[in-house]
Amino acid sequence: KPADAADARTMLRALSDRMHRVLTAVAVHDGRRTQAALSVSRVRFGAMPDEAIAAYVAGGEAFGKAGAYAIQGAVAAWIARIDGSHSGIMGLPLFETAALLRQARVGLA
């Protein structure tokens with residue numbers, strides 16, 4: 001997570017026109033044992049001009065976010081490709097979480 005606006009701009013410049021991995025883990029404890037799963041996704045950013053990065057950071061969305069971006073927000077216009085779990089990139093890999101809950105015999109709708 002960026003410490004300030006300069007840090008957010010630095011992070012986004014590093015991601016611009018590149019692919020990076022997002023690793024998100026989840027665990028469920030059923031009272032006896034703990035089961036865990038790891039979601040691995042790849043996110044490819046298109047080339048973000050400095051003006052676009054500055055506007056995104058000025059809008060405030062970059063703060064409090066790993067990598068200085070929220071995949072579900074305005075930066076999505078600069079995401080060229082996602083391989084993996086969209087929900088995992090947002091923070092909770094739903095497929096993996098549901099599978100762990102089923103293994104723990106937690107009823108799901």
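The legends below describe several close-up views of one predicted model.

Residues are numbered from 1 along each chain as its sequence is written. Because the model is predicted, local features need pLDDT of at least 70, side-chain atom pairs count only at pLDDT 80 or more, and totals for chains, interfaces and linings use all residues, while side-chain values use heavy atoms, with hydrogens and water left out.

**View 1. The open sheet has 3 strands in the order 1-2-3, with antiparallel pairing.** Strands are DSSP runs of E with at least two residues, helices are runs of H or I with at least four, and both are numbered from the N terminus; two strands pair if DSSP finds at least two bridges between them. Strand 1 (19–29) and strand 3 (79–83) stand at the edges with a single partner strand each, so one side of each is left without a neighbour in the sheet. Neighbouring strands of the sheet are turned by 25° against each other on average, direction ignored, where the axes are lines fitted to C-alpha atoms (for helices over the stretch in contact) and angles run from 0 to 180 degrees between N-to-C directions.

**View 2. Strand 2 (residues 34–45) is joined to strand 3 and also pairs with strand 1.** Strand 1 and strand 2 are antiparallel over 11 bridges, and Val28 stands opposite Gln35 in strand 2. The hairpin of these two strands has 4 residues between them, and there Gly31 takes a positive phi near 100°. Between strand 2 and strand 3, which run antiparallel, there are 4 bridges, and Arg44 stands opposite Arg81 in strand 3.

**View 3. The side chains of strand 1 alternate between two faces.** Buried means under 20% relative accessible area, exposed means over 50%, and partly exposed lies in between (1.4 Å probe, protein chains only).

**View 4. Helix 4 (residues 94–103) has the buried residues Glu96, Thr97, Ala98 and Leu100.** What covers these buried residues includes strand 1 and strand 2. Just after helix 4, Arg105 takes a positive phi of about 60°.

**View 5. Ser87 is found in helix 3.** Ser87 is buried, with a relative accessible area of 17%. Leaving aside its neighbours within four places in sequence, Ser87 is in contact (heavy atoms within 4.5 Å) with Leu92, Pro93 and Leu94.

**View 6. The largest pocket has a volume of about 190 Å³.** On a 1 Å grid over the protein atoms alone, a pocket is an open set of points with protein on both sides within 12 Å along at least five of seven lines, a cavity is a set where a 1.4 Å probe fits but cannot get out, and lining residues have an atom within 4 Å of a point. The elements that give two or more residues to the lining of this pocket are strand 1 and helix 3 (86–90). The lining residues include His20, Val22, Ile89 and Met90.

**View 7. The largest cavity has a volume of about 40 Å³.** Its lining is made up of Val28, Asp30, Arg33, Gln35, Leu100, Gln103 and Ala104. A volume here is the space filled by probe spheres set on the grid points, which are joined across faces, edges and corners.
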